[in-house]
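This report describes the packing, the fold and the strand pairing of the structure shown below.

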Amino acid sequence: MNENETQLKIQALVDGELTGREAEELRARLESDGGLRALHARLTAVRGLMAGAELPRTLPESGDFHWSQISKAIGHGEREARRLAKPALGANWLLRWVMPLAGVACLVLVLSRQQTTMPDLNILLGGDHELELTDDEIDVMTFNTGDDAISIVWLDYSIDLQQDSLQLWLD
Amino acid sequence: MPEEPAYSSAEEPQLVEWAKSGDMQAFEELVARYRDRIYVRAYSIMRNEDLAVDLSQNAWVKAWQRLEQFHGEASFPTWLSRIVTNLCLDELRRQKRARMDSIEAMEEATGPVENRMELETVDPIEGLGREELRERIDAALAKLSDKHRTVIVLYEFEQFEYREIAEKMGTSIGTVMSRLFYARKRMASLLKETLKRDGLIE
Amino acid sequence: MSVSRDNPPMNRFTVFVALLLFVSSGYVTAQADPITVQAWLVLGSSKEQKDKMEVPADIKKKLARVFKWMHYYQLSSRQLNIADATTESAKLSRAATIKVTNKKSGKVAVSLFSKGKMLVQKTQSLKPGHHMVLAGNTKTDSAWFIVLSKSK
């Protein structure tokens, strides 16, 4: 056994990874070899230092945000799985429910157009929040803080932040 | 109307059962309980805040998708920790940074030479608080190469055996032993250096 | 809830009529008061940028509750006075414009346009002291925020 192998065996002994017979043989060598005993002691000291020494850290983003990202990814995965698993919706279902509801929606739209130019055919998000996204390519995520004081719509979209020079004068 | 379960006071096995049956709120509570712990493990291996956050999130998503496979052989956080560790190892493999000119590559190629270096004696001097020592150990870990840091994190913190580390890292047990030995020597040397510099040891 | 396959057509018609009456009555009675909405365009960054002005402390505090950037810089801000059931717009950057509609029941509809193209429209109640935030990443390691709040 060369020096390198011996060092690794001593380490394995410290780590409790040696089998009974090998461990016994090495322990016998340790008794007669001061150098190996010192190595054993040093490795044991380093192990002792490292035990439970992982520095605790706090996630650098808020728990709400972290969860919103996770739940969004879970939702996306489940939608994708459903999309792959299920056949397209039947025409019967379409005729039975979607067409009459679309009729009602059109009437509501006609009424509401007299008051505002904004269409009301939006996605209901729960509560009184509605979201309309015009580009399917843009990934979007919405969430509220626990106390509902801040509602956030996060878009996977980079807008141009440059200011007009005229605007800079006005600011 | 049935009463909503008291998630915050529920025991972990109960939360896991609820989550298995599709209860997202139960899963959210599990995330709240263990998100820092999972992040710490990812950070210990990757040493990059953004990557650690992303990998932690991915680990939670994978955990949700694989909840059926969790049968309580290990504790839930241990199971999660294994998931995030695997993701980190995949990420390290994916990155495969071309650092062949680094000291690490040289050391890998010349194992017996490095192993002849003397292992520094480290004495965690009395009076140095555990927290302070942890911070120094953390700083020293940051200075190790990915391979050496990973092996020491998996062994000391994740409590894998040599064989498991070899399997996870796709290498031999001998290489794992060699890397672990080198990593410990480097840690001892770095710690001695920092303690000396700060006048905490002679 | 199970749905009978043999709903008589009359029943469904009755439901439609009831729905229409419900919607129409809301249309007639609900009115919105004039409102003032403040909008900020904010850059969130981990790097200090001495040439930029930090956002007001209360806005920074709100954003920092949720997001992780070290600095929040105000790139522009606008105030919109919006009469009942009307829409006002404000240009916040060369490319970004918002349109805010004062809707009934205390709701506002905020549309974000980039280079003239509408990206998103969010409709919700906005109580004084509460904030609506539209946000996204920038191409560098930072983020943009459009923060809206309603004055009392």
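This is a predicted model: local features need pLDDT of at least 70, side-chain atom pairs count only at pLDDT 80 or more; totals for chains, interfaces and linings use all residues.

A contact means heavy atoms within 4.5 Å. Phe27(B) belongs to the largest nonpolar core, which has 80 residues; Leu30(B), Trp60(B), Phe76(B) and Ile152(B) are also listed with the most contacts inside it. Helix 2 (residues 24-46) of chain B gives the most to this core, with 11 residues. A second, separate core of 31 residues includes Ala39(C), Tyr73(C), Leu134(C) and Trp144(C). A nonpolar core is a set of buried Ala, Val, Leu, Ile, Met, Phe, Trp, Tyr and Cys residues joined through side-chain atoms within 4.5 Å. Buried means under 20% relative accessible area, exposed over 50%, and partly exposed in between (1.4 Å probe, protein chains only).

Glu29(B) lies in helix 2 of chain B. Glu29(B) counts as buried because its relative accessible area is 17%. Beyond four places in sequence, Glu29(B) touches Tyr7(B), Ser8(B) and Leu15(B).

## Chain B and its confidence

Chain B comprises 10 helices and zero strands; helices (H or I, at least four residues) and strands (E, at least two) are DSSP runs, numbered from the N terminus. Of its 202 residues, 50% count as buried. Chain B averages a pLDDT of 81, and 79% of the residues score at least 70; pLDDT is the predictor's confidence in each residue, from 0 to 100. Over residues 97-118 of chain B the pLDDT is below 50, and this stretch has 29 contacts beyond near neighbours in sequence.

## Strand pairing around chain C

Seven of the nine residues of strand 7 (residues 117-125) of chain C are buried, so this strand is largely enclosed by the rest of the structure. Its pairings are tabulated below; two strands pair if DSSP finds at least two bridges between them.

| Partner of strand 7 of chain C | Sense and bridges |
|---|---|
| Strand 2 (residues 130-133) of chain A | antiparallel, four bridges |
| Strand 6 (residues 107-114) of chain C | antiparallel, eight bridges |

Glu130(A) stands opposite Thr123(C), and Ser111(C) has Gln121(C) as its bridge partner. The hairpin of strands 6 and 7 of chain C has two residues between the strands, and Lys115(C) takes a positive phi near 50° there.

## Conventions

Residues are numbered from 1 along each chain as its sequence is written, and chains are lettered from A and ligands numbered from 1 in the order in which they are written. Local features need pLDDT of at least 70 and side-chain atom pairs count only at pLDDT 80 or more, whereas totals for chains, interfaces and linings use all residues; side-chain values use heavy atoms, with hydrogens and water left out.
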